[in-house]
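Work through the exercises below with the coordinates open, and try each task before reading its solution.

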Amino acid sequence: MMKTDSTTDSKQQQIEIGLRRTLARARWHILAKVFYEGLEAAAPYDGSVRLFNGFPLITLAAIEKESDQSNGNESNVWYKVKCQGSDEVNLEIRLPAGKIPFAEILVSRDSTGAICIWPSEKILGHWCLQNKPLFNGKIVLELGSGLTGLSGLIVASTCNPAQLFLTDGNPDCIDNLNLILARNRSRFISKDIPIEARQLTWGQHEDYQNLIGSIDVILISDCLYLENCHINLEQTIWSLLKVNGKCYIIAPSRNQSFEKFANLTGKRFIVQHEENYDPIIWSMHTTYLDERDRYQYSPDRHYPLLMILTKPRY
Ligand SMILES: C[S@@+](CC[C@H](N)C(=O)[O-])C[C@H]1O[C@@H](n2cnc3c(N)ncnc32)[C@H](O)[C@@H]1O
């Protein structure tokens, strides 16, 4: 039987709806996992085991709730940052409240940073606190800062950098970073440190033209799982760094994405990577490994590795 145009159209519409649903389901699946793993509040609990919820070195205590004026619902929450073993850090950060806004998940750009702080950001913040001299008097830039740029903020509040840039490709992250900066400026080690949040998409030269070859130290956390961005990320790091500049990256292996990035960067950077880079993190890791069922611990996804890139003089 010949199909009429309207039958063909409706079939086509059904296929498109099906495709959209599949795509939405796939995004939902990935982001829901991220959400649960990174969420500050209680992780899903089945009565016997708690899903792994990151290394508890930096924790957040809610101090103030904002509500959405249109419907009165809680929209964002301000948290006080607590760093284990240090009372130097006095910071407050803002994150979306409770549930992930569904519209945020279905947008086409990477929205992972606009949901929560990822675990490696906290690990990087802890590592910066343990290695303060690396940042003293340096021009520091964080790539893929997400909603909070927590490690950059820790550097600003305790390490006396000469200048700091918090950057991300997602404008929602930049809006949040600006609110956080406005609230915390008086808390930084020196009130005069120039600190800026700016939109910077990896590989888009116009976003960082005036910074080329000017950065001493780059910080990156949890950005290597985006394997299709590796080339642009590597080029951006190369362009931004001064000769002998360093880039410190914290990220889990996550399906070998860490190792693939290390191989790529090895073509022109000096690359070091370390598994055991901090005694506290290492001892927690070994405990989690010993009881991996109890902690629902998967080193591939949960153990953050450290990579150090140095831009050599050629
Ligand atoms: C998994 S999140 C990590 C955010 C933050 N570092 C953390 O750990 O909480 C990855 C971040 O990279 C940003 N991103 C992804 N692709 C990007 C690109 N091509 N250019 C700039 N930023 C990008 C996202 O907007 C997101 O904030």
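The model is predicted, and in it the protein chain has 10 helices and 10 strands.

**Exercise 1.** Determine whether Asn-176 is buried or exposed, and state which residues it touches.

*Solution.* Begin by placing Asn-176, which belongs to helix H5, residues 171-184. Next, compare its relative accessible area of 4% with the cut-off for burial, which is under 20%; Asn-176 is therefore buried. Finally, leaving aside residues up to four places away in sequence, Asn-176 touches Arg-94 and Leu-147.

**Exercise 2.** Locate the partners of the salt bridge between Lys-242 and Asp-216, and classify their accessibility.

*Solution.* The side chains of these two residues meet at 2.9 Å, N to O. Because Lys-242 lies in strand S8 (residues 241-252) and Asp-216 in strand S7 (residues 215-221), the pair ties together parts that are 26 residues apart in sequence. As for accessibility, Lys-242 counts as partly exposed at 30%, whereas Asp-216, at 16%, counts as buried.

**Exercise 3.** Carry out the analysis for the salt bridge between Arg-268 and Glu-234.

*Solution.* The N to O distance is 2.8 Å. Arg-268 sits in the loop between helix H7 (257-265) and strand S9 (270-274), and Glu-234 in helix H6 (residues 230-240), so the bridge connects parts 34 residues apart in sequence. Arg-268 is partly exposed, with a relative accessible area of 27%, while Glu-234 is buried, at 6%.

Technical notes. Residues are numbered from 1 along each chain as its sequence is written. This is a predicted model: local features need pLDDT of at least 70, side-chain atom pairs count only at pLDDT 80 or more; totals for chains, interfaces and linings use all residues. Side-chain values use heavy atoms; hydrogens and water are left out. Helices (H or I, at least four residues) and strands (E, at least two) are DSSP runs, numbered from the N terminus. Buried means under 20% relative accessible area, exposed over 50%, partly exposed in between (1.4 Å probe, protein chains only). Contact means heavy atoms within 4.5 Å. A salt bridge is a side-chain nitrogen of Lys or Arg within 4 Å of a carboxyl oxygen of Asp or Glu.
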